[in-house]
Amino acid sequence: MEALLHFLPQVWFVILGLFLFLYVLLDGFDLGVGILSLTSSDEKRRTLLMTSLGNVWDANETWLILMAGALFGAFPLAFGTILNALYLPLMVMVVGLILRAVAFEFREHSDNKSFWNFAFGIGSFIASLFQGFALGGVLAGIKVDAAGHFIGGMWDWLSWQSLLMALTLVQGYVLIGSTYLILKTEGKLQETHFRTAKIAAWTTLIGAILITITTPIVYENARARLFHQPEVYVFALIPVLGVFLVWLLIQSLNRQQEIPAFVYTALIFLLTFLGLGFIAFPYIIPPSITIYQAASSPSAMVFMITFIGFLIPVMLFYNIYNYFVFRGKVVTEEGE
């Protein structure tokens, strides 16, 4: 039983990380395309951007709902405390997601699309920005009492470090949105997003470097974790691999390679998540509540694994099938 109590929270920590990664990767390019739509030069191009998402964006958001449900079931203490601590940024994020969804649907039936175009873009930007604020707030640490309940203030999540995290995440979404549009478009529109991908690759790299340098300086709990033996060697390897992947990405963009650019971007996101997971583990509420303290009963976690274990392959199959059916480029008669 002791081994089970130790093993099950670790399994659920990995599952939650998987759900979060899939959401950020898949809905990330939706949000990135939404942000990029604010810079579109005309309605024809903006329509192509929206059309590229039309058949996939609903499924991408499913991973966020699944992650929230899994967090509630596996780590109820963390669910309540994190939502309490990050109530404001998470509510603003939800408003942004709702605004994006409403604008996407209403735009199709509107004679005056300008308002809904702006609403879609600004909703995507708001959701992206406040996801970054929420992530920064968690990594900075949440003030809790001995029972794990939040005792901090409403604005604890807001700092220059969380702002840096938020702006970097926005750039990351623009990057993956650009590489997705490279896959889905051609002609002048594709050339435009080769350029936006290059710019976003550099700005994301700069943001990541600043976060990597400042995190151990600002946060004592992260510093102790990062420089602990033998984990320090793993943490040292992650930035090196990240810079190497960015170099490969930029080379692929210079050669105008479509698939490699998206693959390298996805690998950069994966590497980032592995690094964040290493920093956070075993804490589910940094810097004081571990996954073992916040975990549900073993019977509840086993029951959920049985259910989720069936659901994960179904959702993965559905997503893969969806992308397979709607593969190919979105073009106009002029190839724009």
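Start by selecting Pro287, which sits in the loop between strand 1 and strand 2 (289-290). Helices (H or I, at least four residues) and strands (E, at least two) are DSSP runs, numbered from the N terminus.

Before you move on, a word about what you're looking at. This is a predicted model, in which local features need pLDDT of at least 70, side-chain atom pairs count only at pLDDT 80 or more, and totals for chains, interfaces and linings use all residues. Residues are numbered from 1 along each chain as its sequence is written, and side-chain values use heavy atoms, with hydrogens and water left out.

Now step back to Pro282, in the loop between helix 11 and strand 1 (283-285). Here's another cis bond, running from Phe281 to Pro282, with omega near 5°.

Keep going back to Gln256, in the loop between helix 10 and helix 11. Gln256 isn't a glycine, yet its phi is positive, about 55°.

Next, color residues 262-285. UniProt, in an unreviewed entry, lists this stretch as a "transmembrane region", along with others including 12-38 and 162-183. UniProt positions follow the numbering used here, feature names are shortened, and annotations may be inferred rather than shown by experiment. Residues 262-285 are 79% helix and 12% strand, with end C-alpha atoms 32 Å apart. Residues 162-183 are 100% helix and 0% strand, and their end C-alpha atoms lie 32 Å apart.

Show helix 7 (residues 160-184) and helix 11 (residues 258-280) together. Two packed helices are described by the angle between their axes and the distance between the axes. How do helix 7 and helix 11 pack? Their angle is about 155° and their axes are 8 Å apart. Axes are lines fitted to C-alpha atoms, for helices over the stretch in contact, and angles run from 0 to 180 degrees between N-to-C directions. Helix 7 and helix 11 are therefore roughly antiparallel (under 35 degrees counts as roughly parallel, over 145 as roughly antiparallel, 65 to 115 as roughly perpendicular and the rest as oblique). The contact residues split into 10 nonpolar, three polar and one charged. Ala, Val, Leu, Ile, Met, Phe, Trp, Tyr, Cys and Pro count as nonpolar, Asp, Glu, Lys and Arg as charged, and the others, Gly among them, as polar.

For a second pair, select helix 3 (residues 57-74) and helix 13 (residues 298-325), which pack at about 175° with axes 11 Å apart. That angle makes helix 3 roughly antiparallel to helix 13. Look for Trp63 and Leu66 of helix 3 and Met304 and Tyr318 of helix 13, which are among the contact residues. This contact has 13 nonpolar residues, six polar and no charged.

Now click on Thr81, in helix 4 (residues 76-85). Is Thr81 buried or exposed? Thr81 is buried, at 3% relative accessible area (buried means under 20%, exposed over 50%, partly exposed in between, with a 1.4 Å probe and protein chains only). Leaving aside neighbours within four places in sequence, Thr81 touches Ile142, Val144, Gly148, His149, Phe150 and Ile285.

Last stop: His228, in the loop between helix 9 (220-226) and helix 10 (231-254). His228 is partly exposed, with 44% relative accessibility. Draw a line from His228 to Pro298: the two are 70 residues apart in sequence and 31 Å apart in space, C-alpha to C-alpha.

Notes
Contact = heavy atoms within 4.5 Å.
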